[in-house]
Amino acid sequence: MTQATTNTGGGRAASSFPPNWLKKFVSLAFTVAITLLGLLFVTFMIGRVMPIDPVLAVIGERASQAQYDQVYLELGLDKPLIVQFGIYVGDVLQGDFGTSIRTGKPVAEDIARVFPATLELATLGTLLGVVLGVPLGVLAAVYRGSWIDQLSRLIGLVGYSMPIFWLGLMGLLIFYGILGWVAGPGRLGVFYEGLVPTRTGLLLVDALIEGDWDVFKDALSHIVLPACLLGYFSLAYISRMTRSFMLEQLNSEYVITARVKGLSEWHVVWRHAFRNIAIQLITVIALAYANLLEGSVLTEIIFAWPGIGSYITTSLLANDMASVLGGTVVIGTIFVCINIFSDLLYRFFDPRAK
Amino acid sequence: MRPRNFRETTMTRHTPSRTMRIGAALLTAALLSSTALTAQAETPPNMLVIAQRIDDIKTMDPAESFEFTGADISRNVYEALVDFDPMDLDAGFQPALAESWEVSEDGTQITFTMADGHVFASGNPVTAKDAEFSLRRAVMLNKTPSFILTQFGFTPENAEETIVAPDEKTLVLKLDKAYAVSFVLNCLAATIGGIVDMETVMANEVDGDMGNAWLRDNTAGSGPYKLASWKPDESYTLDLNPEYPGDAPAMKRVIVQHIQESATQRLQLERGDVDIARNLSPEDVAGLESVDSVKVVDELRGRLMYWSANQKNEMLSNPKVLEAMKFATDYTGMQDSFLKGQYINHQAFLPKTFMGAIDDLPYSFDIEKAKALLAEAGYPEGFDITINVRDAQDRIDIGQSLQNTWGQIGINVEMIVGTGAQTLDTYRAREHDIYLGAWGPDYPDPNTNAGTFAYNPDNSDEAGATGLLAWRNAWALPDMSNETLAAVVEQDSEKRAEMYRELQREHMATSPFGIMFQQIEQNAMQDGVEHFVAGGATTAVSYWVVTK
Amino acid sequence: MTSHTPTDAKPGLKAWLLSDTPQSRGQARAAAWYQGWLKLTSNKLTSLGLIVLTLLVLAAIFAPLLATDNPFVQDLGARLKPPGWEGHIFGTDSLGRDIYSRLLYGARISIYIVLLVALVAPLLGLIIGTTAGYFGGWVDTVLMRITDIFLAFPRLILALAFVAALGAGIENAVLAISLTAWPPYARIARAETLTIRNSDFIHAIRLQGAGPLRIITRHVWPLCISSLVIRVTLDMAGIILTAAGLGFLGLGAQPPSPEWGAMISEGRKYILDYWWVATIPGLAIFAISLAFNLIGDGLRDVLDPKEAGK
């Protein structure tokens with residue numbers, strides 16, 4: 001992303017052959033590749049320097065020394081670290097993340113199974129955050145200092161201060177344990193397991209495609225609580241950011257001009273000011289989304305949600321490093337992609353960035 | 001929202017207006033969430049739904065499976081040559097796939113005669129060839145539990161000569177010594193003795209793995225059930241084996257859902273979402289007392305809770321110090337508080353109900369005596385040590401109690417909590433001071449514990465006998481090791497039991513093991529559920545006898 | 001703390017601080033701080049945050065005096081007693097220990113963690129950011145690439161992995177949180193450095209023969225610190241929550257240490273019948289991180305005119 005490499009070499013001045021956008025694209029791709037390689041490297045090294053024996057995680061407590069040695073060789077642990085890393089990167093490039101010692105299945109298959117669960121939860125959470133957070137933020141900015149502004153501030157403060165695992169625990173106790181309004185932990189009641197074929201892996205969507213209302217209702221009843229919880233945290237973030245973007249706009253000259261011109265307040269707020277913050281807002285929402293994807297670890301654990309966060313954590317505690325590596329790389333990649341997406345969006349559409 | 005039994009009709013897909021349906025769905029959803037989303041009331045009558053922690057499953061292959069939950073599945077899916085009757089576990093092993101057996105005069109050869117009428121889920125009949133294949137396979141794959149068979153002298157190299165089926169009805173095992181027959185048969189009743197369907201398994205062989213990869217998440221047995229699905233960390237489902245010749249089990253389908261938290265399991269049970277909850281804390285069991293529709297069934301299991309002291313540590317190798325620590329343990333305090341109902345004070349290395357088990361309790365909580373012993377040992381001021389504990393709440397609680405009471409006699413304990421593998425790693429490397437551990441029998445014979453608590457033929461670091469608890473604690477015990485060896489070849493059962501009793505008393509008095517408790521499993525279930533047997537101290541759960 | 005009429009104590013000092021014509025540089029600086037302080041405390045919520053935090057710090061400092069029981073002594077006969085039972089203000093936990101006393105000692109751990117992370121992470125960020133910004137070129141590219149890599153990580157998972165690698169415990173939790181928290185500081189420090197790097201006074205110092213190490217530590221660092229301090233204040237609540245999350249997963253402070261996250265983790269087993277065991281430490285975490293957030297919010301209002309209240 002640095003501009004240092006704009007030297008086009010040779011004497012060809014006009015219409016440089018690799019067009020500018022291509023060069024930018026290549027440099028971007030290079031940046032992404034380096035970041036991801038670094039991600040892999042750090043995770044791999046953490047996994048290897050752990051003072052824990054990966055062999056033991058495979059063979060368990062009772063194994064003999066001979067069995068130990070056999071697995072040691074099978075895992076390729078006799079090779080130098082850097083060679084092991086090379087082999088690993090080579091495998092990853094072919095989509096092979098190794099085999100989970102905990103589930104005995106290929107890590108890629110495991111991730112394909114658990115990822116949709118996280119995606120569904122984070123999507124619903126972000127959706128809630130956007131639907132409630134954006135209007136709240138706009139209103140808070142427009143009616144600055146009013147009760148609605150105070151409310152948005154309170155929601156934000158509480159959201160930033162609440163230990164999510166504790167709130168989840170309390171929510172479960174109250175809404176499932178005492179009131180019985182929602183279904184308990186997990187994604188689906190056992191009787192509904194396997195009733196709808198997996199198409200997208202998103203249970204709500206799969207149930208809708210199949211038109212199976214019982215499954216849909218049960219899945220919804222399971223997802224409501226954790227999604228509201230995550231939604232609350234993204235609501236806190238999105239509403240605060242919306243408010244501050246809007247304030248900036250409402251104080252700007254052209255808004256004042258528009259007001260002077262006698263345009264209605266509604267028109268000024270929504271047609272002018274809000275339209276101008278749309279790109280910034282999308283960036284914020286994208287970040288909130290990415291944060292929920294990676295940050296739902298504790299929520300997933302509390303709600304026994306079979307997503308990638310609990311997958312990585314459980315694997316980590318079981319020293320199943322292949323799974324931890326695979327999961328982290330997938331999440332990291334998504335995070336990087338979302339970042340780049342919002343970055344590009346910002347560059348191309350924001351008038352001030354040009 | 002009544003649960004349905006099995007889907008009878010497949011949904012026909014109407015294409016016209018999916019978007020409209022989705023819109024309607026969202027609307028309904030909004031309406032629903034504003035009122036109440038109620039949970040279902042009860043489970044279907046022919047389906048058993050269980051809430052349990054099942055994240056320990058690694059594989060379903062009986063030659064490799066060595067986890068508690070794996071044993072539950074194997075027992076219901078595979079049959080062995082001899083097996084336990086769930087309605088009478090105390091009777092010991094009974095004929096199963098083998099209808100009878102004969103021992104040669106020198107005691108080194110056992111000839112089994114196969115029973116008629118057993119059929120695999122594939123429809124293939126069970127023959128001696130399958131048994132030959134299964135046992136050879138277990139030896140040749142050489143996975144962790146293979147020692148249960150190889151201790152009789154079978155090796156991957158000699159398996160073809162020592163495990164032989166001369167015809168479809170006969171299986172001959174040639175042992176390297178004249179072992180007690182009860183010892184051999186008890187081992188064959190363990191998970192690794194499960195007989196697999198040779199034809200089906202070999203049809204799914206990959207790269208000469210004898211079907212090991214395929215059997216990870218598929219089953220090929222002749223038991224009452226077969227595996228329908230397994231989602232790691234989520235659930236497993238067993239369906240009836242249509243070929244099973246015995247009485248058809250009342251439960252057509254068994255679903256075991258992975259629920260980590262005790263409180264959640266209890267809620268699900270109270271709400272009727274599940275029939276049985278298997279990992280309830282003592283507090284949640286107590287909380288269920290006021291619920292009329294639920295009962296709690298106690299069952300003594302084989303798991304022992306112990307601490308052990310590394311004999312490489314000079315202070316801890318002093319017998320007086322060990323005795324002091326055994327007296328400074330609040331057995332009844334723990335048993336009556338946070339372990340209430342789930343562990344019972346037990347100080348011998350054989351669990352109650354095992355052959356030769358004893359109930360002696362020579363140690364009780366006595367701070368003054370412990371202090372005196374420590375002073376006699378030359379440490380009136382006490383000393384500092386560490387204790388390695390894995391990150392499970394009941395173990396951390398026990399660890400904190402030890403920390404507290406040992407602290408009262410001046411032994412200052414630092415607790416190091418780690419994951420299972422971390423603590424185990426330290427233990428196997430003999431780098432701990434004190435290790436707080438649990439030990440469950442591997443097979444239903446006294447040698448399973450004697451052979452690890454009281455057997456260590458070579459105490460050198462080079463021996464690397466990491467499977468032996470005595471070795472891990474660097475405890476050299478030449479006499480006791482010999483007694484343990486003598487006990488496995490004693491043919492007279494009563495004499496054999498007496499040998500174990502003596503061994504345990506000696507062990508209790510001198511060993512660096514502070515055995516504290518034996519587990520009692522408290523399974524809470526709906527009132528109507530009958531005959532749920534978790535397997536006692538010797539085996540695993542038997543779903544096929546359950547009714548509700 | 002909230003009202004300040006002219007008749008308050010020490011009118012002389014107040015007048016000196018509020019003087020329009022400061023006599024010295026010291027007075028001007030003190031006046032600026034005082035004005036900021038007045039502005040900060042004029043916000044009721046911020047004052048509330050300050051009060052809560054002060055109380056918590058005092059509770060931590062005087063824990064031995066305030067505690068009614070030894071936080072480590074067990075009484076298996078009096079376990080899981082409700083709040084108010086025989087002088088146990090917040091009841092007892094699963095090993096019969098007094099929750100109130102454990103809470104007080106737990107405040108020490110939380111504050112200890114926050115202070116350590118607030119020292120280590122910005123320092124790490126400062127070193128990396130200023131180095132990158134000052135030298136530019138490939139140093140900048142490499143360091144910023146590393147920063148991006150760390151930013152790309154799922155933070156809690158990275159912290160988990162570090163703790164798993166280093167072993168559980170408070171110090172390692174601090175290190176793990178710091179290792180995941182430094183990248184934003186590095187970016188801020190780099191941005192500040194870039195604006196200072198080419199300023200005249202740095203040129204002048206360079207001409208005097210000062211080496212890069214001296215310039216960075218003596219002249220660049222002091223100018224970066226104020227923006228880092230603001231950012232740290234805003235991050236404090238997040239640090240507390242992360243530390244509690246680690247404790248909850250059993251990877252933070254180790255038993256029998258009364259760390260709040262670990263207390264919740266122990267208490268959740270009993271949540272159905274003995275709600276207080278998990279609820280009270282949860283409220284404590286909420287209180288301290290809310291206090292930090294209120295202060296951070298107020299601080300931003302004071303320092304960022306764009307955001308300032310009406």
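Visitor: What share of the 354 residues of chain A counts as buried, and what does that word stand for here?

Guide: A residue is buried if 20 or more other C-beta atoms lie within 10 Å of its own, exposed if 12 or fewer, and partly exposed in between, with C-beta atoms placed from the backbone. In chain A, 49% of the 354 residues count as buried. Before going on: this is a predicted model, where local features need pLDDT of at least 70 and side-chain atom pairs count only at pLDDT 80 or more, while totals for chains, interfaces and linings use all residues. Residues are numbered from 1 along each chain as its sequence is written, and chains are lettered from A and ligands numbered from 1 in the order in which they are written.

Visitor: How many helices and strands does chain A have?

Guide: Helices (H or I, at least four residues) and strands (E, at least two) are DSSP runs, numbered from the N terminus. Chain A has 14 helices and 0 strands. Its C-alpha atoms fill a box of roughly 85 × 75 × 40 Å, taken along the principal axes.

Visitor: And how do I read contacts in chain A?

Guide: Two residues are in contact if their C-beta atoms, placed from the backbone, lie within 7 Å. Take the contacts in chain A between residues at least 6 apart in sequence: 72% of them join residues at least 24 apart.

Visitor: How many residues does each side give where chain B touches chain A?

Guide: Chain B puts in 48 residues and chain A 45. On the chain B side, α1, β10 (253–258), α9 (262–270) and α15 (420–428) each give two or more residues. The largest share, 6 residues, comes from α1(B). For classes, Ala, Val, Leu, Ile, Met, Phe, Trp, Tyr, Cys and Pro count as nonpolar, Asp, Glu, Lys and Arg as charged, and the others, Gly among them, as polar. That side of chain B has 19 nonpolar, 17 polar and 12 charged residues.

Visitor: Where in chain B is confidence lowest, and where highest?

Guide: pLDDT is the predictor's confidence in each residue, from 0 to 100. Chain B averages 89, and 93% of its residues score at least 70. Helix α1 (residues 18–34) of chain B is lowest, at a mean of 38, and β7(B) is highest, at 97. Over residues 1–40 of chain B, pLDDT stays under 50. Where pLDDT is low, the predicted coordinates should not be read in detail.

Visitor: What does β7(B) pair with?

Guide: Two strands pair if DSSP finds at least two bridges between them. Here 3 bridges join β6 (residues 163–167) to β7 (residues 170–174) of chain B, and the two strands run antiparallel. The hairpin between them goes through 2 residues, and B:D167 has B:T170 as its bridge partner in β7(B).

Visitor: Which domains does chain B have?

Guide: Domain bounds come from an automatic or database domain assignment. For chain B that gives domain 1 (47–253) and domain 2 (301–519), with C-alpha centres 32 Å apart. In the contact between them, 14 residues of domain 1 meet 12 of domain 2. On the domain 1 side, α6(B) gives the most, with 4 residues. By class, that side has 10 nonpolar, 3 polar and 1 charged residues.

Visitor: What does UniProt place at residues 111–296 of chain C?

Guide: UniProt positions are given in the numbering used here, feature names are shortened, and annotations may be inferred rather than shown by experiment. The unreviewed UniProt entry places "domain: ABC transmembrane type-1" there. In the model, that span of chain C is 83% helix and 0% strand, and its end C-alpha atoms lie 16 Å apart.
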